[in-house]
Amino acid sequence: MAVKLEQQTNLSGDGKLANQGFGKLSDSELEAFNPKIDLERACAFFREFGYVVLSDCLNPQEIEHLNEFYDRTQKQHPEKWGLEGNRKPHHRHQGLIFSQPLLDYPELDPYTQHPSSYPVVSELLGGDECVRFSEFNFRETPENAGLGAMNFHHDAVREDRFERMPYYPCDWLCAIHYLTDVGQGAPAFCVVPASNRFKTLKEAHESLEEHYSEVPIYGAAGTCILYDTAIYHTRYDGDGVQRRRTWHQYYARGGWLRTDTKYIRSPSPVLTDWNLFPKRLALHPDESTRRFFSHWNTAQCEWVASDFDDTLRDAMPRGHQ
Ligand SMILES: [Fe+2]
């Protein structure tokens with residue numbers, strides 16, 4: 001997860017449980033869309049509520065492959081997951097994370113524009129020419145992890161979102177794919193629908209009134225959740241026993257946006273100051289792939305200038321994690 005994002009995550013480092021919202025859990029049935037037949041309805045739902053749940057986005061082979069990837073890399077490279085010694089300081093209380101698996105594993109490249117969820121992402125961000133890659137990581141809340149208590153928070157935002165008309169397309173969009181079943185008692189991803197238009201969760205609670213609710217998202221492995229990074233969300237603790245594996249991919253909006261009122265929005269800023277794109281993707285022979293991987297931070301610029309010198313990568317805080 002991005003440094004900027006984690007600074008906004010209010011964790012209880014003293015062992016006390018964090019306040020996980022106002023306790024107004026939704027009792028409605030969760031609405032999920034099959035992206036292959038319900039793309040337009042899924043997009044309409046996202047634009048109304050700031051998130052959408054997509055069902056059956058990964059096939060059994062993909063779920064097996066990604067879980068095997070976890071097992072293999074945790075065994076072969078435990079340090080990449082923070083499994084040796086102390087947990088990674090940037091992800092304490094948050095379970096395990098492999099921050100940059102794309103760097104050394106081209107086998108993951110096909111997932112960066114997955115045929116199930118990517119068409120929805122593309123439609124929401126304004127079409128293929130406007131979709132940019134930001135970040136790709138794997139996370140695990142291990143079995144018997146206990147209660148970590150993450151507060152409701154939003155991820156990266158642009159302040160102009162309160163004034164601009166229209167609000168959409170959003171600036172960043174995150175796709176979370178469940179790689180294990182997330183049922184009752186498992187640490188579910190949870191959102192407050194339509195809270196992306198408010199400065200605080202309290203303001204959302206007061207303004208949305210009876211429409212305010214906290215929606216834990218339970219779903220089978222292969223379920224995908226797309227959310228506007230401005231929406232309030234958290235990971236519910238669950239029972240502290242069950243394991244959860246999730247793949248997180250962030251997308252940004254690219255290109256200059258001109259609306260009817262002549263207001264111009266620039267491409268979304270980079271999400272982190274450390275995330276790196278490997279040479280095979282950043283300098284890909286295909287122009288559309290290069291454009292997709294074109295949002296470089298300054299660390300990436302320096303790495304490219306060095307022709308992807310390993311010593312530069314070695315010196316970076318998460319160069320091998
Ligand atoms: Fe977050």
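The model is predicted, so local features are taken at pLDDT of at least 70 and side-chain atom pairs at pLDDT 80 or more, whereas totals for chains, interfaces and linings use all residues. Residues are numbered from 1 along each chain as its sequence is written, and side-chain values use heavy atoms, with hydrogens and water left out.

**Exercise 1. Determine the strand order of the seven-stranded sheet, and find which strands form its edges.**

Step 1. Helices (H or I, at least four residues) and strands (E, at least two) are DSSP runs numbered from the N terminus, and two strands pair if DSSP finds at least two bridges between them.

Step 2. Under these criteria the seven strands form an open sheet in the order 1-2-8-5-10-4-3, and the pairing is mixed. The edges are strand 1 (32-33) and strand 3 (96-98), each of which pairs on one side only.

Step 3. Strand 3 runs antiparallel to strand 4 (residues 131-141) and is joined to it by three bridges, with Leu 96 having Glu 140 as its bridge partner in strand 4. Strand 4 is also antiparallel to strand 10, through 10 bridges, and here Val 131 has Arg 253 in strand 10 as its bridge partner.

**Exercise 2. Describe how helix 3 and helix 4 are placed against this sheet.**

Step 1. Contact means heavy atoms within 4.5 Å; axes are lines fitted to C-alpha atoms, for helices over the stretch in contact, and angles between N-to-C directions run from 0 to 180 degrees.

Step 2. Helix 3 (residues 60-76) lies across strand 3, strand 4 and strand 10 (244-253), and it runs at about 105 degrees to strand 10.

Step 3. Helix 4 (residues 118-125) packs on the sheet, where it touches strand 2 (51-54), strand 4, strand 5 (172-178), strand 8 (224-228) and strand 10, and its direction makes about 35 degrees with that of strand 10.

**Exercise 3. Classify the ring pairs Phe 69–Phe 138 and Phe 98–Tyr 105.**

Step 1. Rings of Phe, Tyr and Trp (its six-membered ring) pair if their centres lie within 6.5 Å, and planes under 30 degrees apart count as stacked, over 60 as edge-to-face and the rest as tilted. The count by this rule is 27 aromatic pairs.

Step 2. The centres of Phe 69 and Phe 138 are 5.5 Å apart and their planes stand at 55 degrees, so this pair is tilted. Because Phe 69 lies in helix 3 and Phe 138 in strand 4, the pair ties together parts that are 69 residues apart in sequence.

Step 3. For Phe 98 and Tyr 105 the centres are 6.2 Å apart and the planes are at 90 degrees, so the pair is edge-to-face; both residues are buried. One aromatic cluster includes Phe 69, Phe 98, Tyr 105 and Phe 138.

**Exercise 4. Identify the donors of the iron ion, and relate His 233 to the three-stranded sheet.**

Step 1. Donors are N, O and S atoms within 2.8 Å of the metal (3.2 Å for Na, K and Ca), and water is not among the atoms, so sites may look incomplete.

Step 2. The iron ion is coordinated by His 153 (NE2), Asp 155 (OD) and His 233 (NE2) at 2.2 to 2.3 Å, and the donors follow the spacing H-x1-D-x77-H along the chain. His 153 and Asp 155 are buried.

Step 3. The open sheet of three strands has the order 7-6-9 with antiparallel pairing, and its edges are strand 7 and strand 9 (233-235). Strand 6 (residues 189-191) pairs with strand 9 over three bridges, and Val 191 stands opposite His 233 in strand 9.

How values were computed: Buried means under 20% relative accessible area, exposed over 50%, partly exposed in between (1.4 Å probe, protein chains only).
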